[in-house]
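Subject: Structure handover

Hello,

Here is the structure I promised. Please look it over, then read my notes below.

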Amino acid sequence: MWQLNNQKNIPVYQQIMEQLIEYIQNGQLLPGDRLPPERKLAETYQVNRSTVVHALDELVALGWIVRKRGSGTLVNEGNWGRTANPRIDWRRRLADNHFQQEAYLVKLQQQLKSVQSLDLYTGELPLNLIPSFRLPSFKWETLLLEEQKQSPLGYLPLQELIVQRIKKEQKIDVSSDEVLITSGAKQAMFLLLQVMLQNGDSVAIEDPSFLYSLPIFATAGIRLYGVELDSQGMRVDQLEQLILTKKIKMILVNPTFQNPTGRTMSLQRRKELIDLSRKYQIPIVEDDVFSELAFVDLPLSLKELAPDEVIHLGSLSKIFGSSLKIGWIVANRDLIVRLAEARQMVDFSLSVFPQVVASTALKDPYFNQKQQNLVDTLKQSAHDFEKELKLLSNDWQFEPIEGGLYAYLTWKNKKLTRKDWELFLDEQLLVAPAFLFSNDTMSLRINYTRLNQENLAVFFNKFQQITDQLKKNEGGQYE
């Protein structure tokens with residue numbers, strides 16, 4: 001296992017780095033595995049100890065391994081601080097780098113194809129809940145004419161409709177030249193990373209967060225650092241420490257019905273976050289894709305509280321499904337122009353057809369009523385889910401669902417391992433364990449909207465069996 005290819009025309013310490021990264025990527029070294037001591041590695045590789053130390057120092061700096069006092073050198077258990085773009089000249093080795101996919105996700109993706117599986121993992125509404133709208137028949141000539149209404153910022157009629165909705169629903173005063181239409185929120189995020197950050201820069205996100213496993217950060221060479229959540233949202237005291245120690249260049253938050261926890265940042269915490277961003281002159285990116293699925297009154301958006309400091313992201317995909325990839329960025333004019341130019345440079349074309357479809361739906365006179373009907377349906381689904389979940393409250397902690405798509409449950413008993421979560425796959429319950437969003441292994445995210453009257457009882461019957469098995473695995477001490 002610990003042998004080098006002496007034919008390679010690169011320094012030995014870089015060969016050691018390449019080999020260790022390859023072992024981590026292909027699963028020969030797993031998260032948390034301890035590496036042999038430096039002296040032992042030097043003997044095995046037949047090199048000076050200083051060469052091994054140099055290689056390990058570089059890997060620590062890149063986030064692949066960590067050193068812990070009393071424990072030695074370990075494979076990093078998560079993605080915090082990791083970058084795929086090294087500081088040295090073996091960049092070619094990682095230029096096309098793809099992190100090994102999580103083993104749990106590989107199995108889950110296979111089971112998604114089975115009609116026997118209950119999919120509570122997918123992050124969108126089931127088809128039967130997506131509002132339907134009558135679309136006019138389009139001639140090809142009509143679409144070509146509509147294409148003429150495209151600007152570098154998007155399809156002008158849709159842009160105006162989005163501006164109107166932002167002003168009405170979120171009380172954000174914007175003009176059309178401050179809105180860039182994107183092909184979903186992920187493209188918006190990618191463009192922001194390309195324009196505002198450089199290779200090696202650090203970004204603070206919530207811990208846990210769906211952003212944790214997105215490959216766009218590794219591709220851009222961006223380091224992610226997690227900030228703990230409490231009942232009010234991202235902890236500003238921890239964030240300030242990160243700003244001082246890790247030179248944070250951007251703060252990325254999902255403050256309303258946060259993914260995966262479903263929590264909503266309090267108004268006071270939003271103000272504290274804005275004060276901190278002003279103190280250190282760090283931009284905030286507000287990912288706000290769930291606010292239109294609220295059962296309760298919401299705090300003011302970050303963008304409304306601080307128009308100049310906050311970049312606002314929105315999307316229609318949570319209402320219309322992922323097949324209609326329409327998102328937008330709200331920011332100052334200069335940044336919007338730079339983002340539009342960046343999109344043109346990387347040739348991220350934005351088709352007019354989904355924009356025309358989205359415009360048709362938003363102009364539908366019954367759109368608001370259909371949206372409200374959807375919210376009412378989700379509120380009832382959340383109530384039914386919580387009613388059944390209370391029967392398991394001795395073992396699972398959860399918070400009331402106030403909107404969005406997700407419920408977040410935390411195991412109250414002995415610490416779980418990644419292997420424990422395979423019980424859900426064995427029962428064909430497809431859920432999202434917390435280790436997909438953090439280093440934590442004690443919680444799970446459930447898309448409760450995908451449970452209906454027919455499968456609700458099936459889910460809780462299996463969930464009870466899994467709960468009993470988890471307690472049994474602990475040696476019966478909770479029975």
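In H2, Glu38, Arg39, Leu41 and Ala42 meet Arg49, Val52, Val53 and Leu56 of H3; contact means heavy atoms within 4.5 Å. By class, this contact has 5 nonpolar, no polar and 3 charged residues. Nonpolar covers Ala, Val, Leu, Ile, Met, Phe, Trp, Tyr, Cys and Pro; charged is Asp, Glu, Lys and Arg; the others, Gly among them, are polar.

This is a predicted model: local features need pLDDT of at least 70, side-chain atom pairs count only at pLDDT 80 or more, and totals for chains, interfaces and linings use all residues. Residues are numbered from 1 along each chain as its sequence is written, and side-chain values use heavy atoms, leaving out hydrogens and water.

H2 spans residues 38–45 and H3 residues 49–62. Helices (H or I, at least four residues) and strands (E, at least two) are DSSP runs, numbered from the N terminus. The two helix axes come within 8 Å and cross at roughly 115 degrees. Axes are lines fitted to C-alpha atoms, for helices over the stretch in contact, with angles from 0 to 180 degrees between N-to-C directions. H2 and H3 are therefore roughly perpendicular (65 to 115 degrees).

Now strand S18, residues 443–447. 5 of its 5 residues are buried, so S18 is largely enclosed by the rest of the structure. Buried means under 20% relative accessible area (1.4 Å probe, protein chains only). Ser443, Arg445 and Asn447 point one way; Leu444 and Ile446 point the other.

S18 runs antiparallel to S15 (residues 406–411), joined by 5 bridges. Ala407 has Ile446 as its bridge partner in S18.

Best wishes

How values were computed. Parallel < 35°, antiparallel > 145°, perpendicular 65-115°, else oblique. Buried < 20%, exposed > 50% of the residue type's maximum accessible area, 1.4 Å probe, protein only. Pairing = 2+ DSSP bridges.
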